Amino acid sequence: MTDAAAADAAGPAPASAGDRVLLARVVDEALSVAGCSALVASRASGAVVTFEGVVRDHDDGRGVTALHYEAHPNATEVIREVALSIATAHPEVRVAVEHRYGDLSIGDVALACAVSSAHRAEAFAACAALVDEVKARTPIWKRQEFADGSDEWTASLG
């Protein structure tokens with residue numbers, strides 16, 4: 001059997017990690033988990049796992065009225081590095097992730113991501129790792145405004 005015939009028999013070569021990261025950005029516009037999901041879905045996908053981080057009305061027993069996120073100028077570069085690391089660690093997944101910055105209201109989506117794979121276990125594991133790493137590594141800071149008129153800055157960096 002020739003090398004070409006052996007390669008054909010083995011099926012297509014797996015896509016590189018970079019080819020499997022379909023979206024990775026930090027933006028100041030509304031996010032869509034459905035959009036992320038549509039990007040990663042394919043005929044080979046047996047599972048598409050999504051995560052939608054939503055602004056809630058409380059934190060640590062205090063009422064929250066609004067949030068403001070500030071992003072470092074290299075935040076998109078870092079979130080792409082995170083997505084690439086997940087795609088490298090999970091070679092069967094496709095990834096889409098985006099984080100919002102600017103002023104957000106209760107109920108707005110701050111983090112949207114989707115991961116697809118042939119099997120659910122890998123998609124769940126990769127999505128969980130993606131969310132954890134985005135929160136740990138992406139240089140984004142959050143200012144929460146509380147119902148009592150106070151506010152507080154926190155870093156998403158771990």
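Me: What makes up the lining of the largest pocket, by residue class?

Reply: In this predicted model, the lining residues divide into nine nonpolar, five polar and four charged. As to the conventions, the model is predicted, so local features need pLDDT of at least 70 and side-chain atom pairs count only at pLDDT 80 or more, while totals for chains, interfaces and linings use all residues. Residues are numbered from 1 along each chain as its sequence is written, and side-chain values use heavy atoms, with hydrogens and water left out.

Me: What volume does the largest pocket have, and which residues are closest to its centre?

Reply: About 280 Å³ of space lies in it. Val54, Arg56, Tyr69, Lys135 and Lys142 are the closest to the centre among the 18 lining residues. It is called a pocket because, on a 1 Å grid over the protein atoms alone, it is an open set of points with protein on both sides within 12 Å along at least five of seven lines; a cavity would be a set where a 1.4 Å probe fits but cannot get out, and lining residues have an atom within 4 Å of a point. Grid points are joined across faces, edges and corners, and the volume is the space filled by probe spheres set on the points.

Me: Which elements supply at least two residues each to that lining?

Reply: They are E2, strand E3 (58-59), strand E4 (62-71), E7, H5 and strand E8 (140-146). Helices (H or I, at least four residues) and strands (E, at least two) are DSSP runs numbered from the N terminus; the chain has five helices and nine strands.

Me: What is known of the second largest pocket?

Reply: About 240 Å³ of space lies in the second largest pocket. Twelve residues line it, and Arg20, Ser42, Ala44, Glu92 and Arg94 are the closest to its centre. By class, its lining has five nonpolar, four polar and three charged residues.

Me: Why is E8 said to be largely enclosed?

Reply: Five of its seven residues are buried, so the rest of the structure largely encloses E8. Buried means under 20% relative accessible area, exposed over 50%, and partly exposed in between (1.4 Å probe, protein chains only). Strand E7 (residues 109-117) is also mostly covered, with nine of its nine residues buried. Over the 158 residues of the chain, buried residues make up 39%.

Me: Why is Asp60 called exposed?

Reply: Asp60 has a relative accessible area of 72%, and therefore counts as exposed. Asp60 is found in the loop between E3 and E4. Most residues other than glycine have a negative phi. Asp60, although not a glycine, has a positive phi of about 55°.

Me: Why are Ala129 and Ala136 placed in their accessibility class?

Reply: Ala129 has a relative accessible area of 25% and is therefore partly exposed; Ala136, at 31%, counts as partly exposed. Helix H5 holds Ala129, and Ala136 is in helix H5 (residues 120-137) as well.

Me: How do you know where Arg62 lies relative to Phe146?

Reply: A charge sits over a ring if NZ of Lys or CZ of Arg is within 6 Å of the ring centre and within 35 degrees of the ring normal. Arg62 lies over the face of Phe146, at 3.6 Å from the ring centre.

Note on methods: Nonpolar A, V, L, I, M, F, W, Y, C, P; charged D, E, K, R; others polar.
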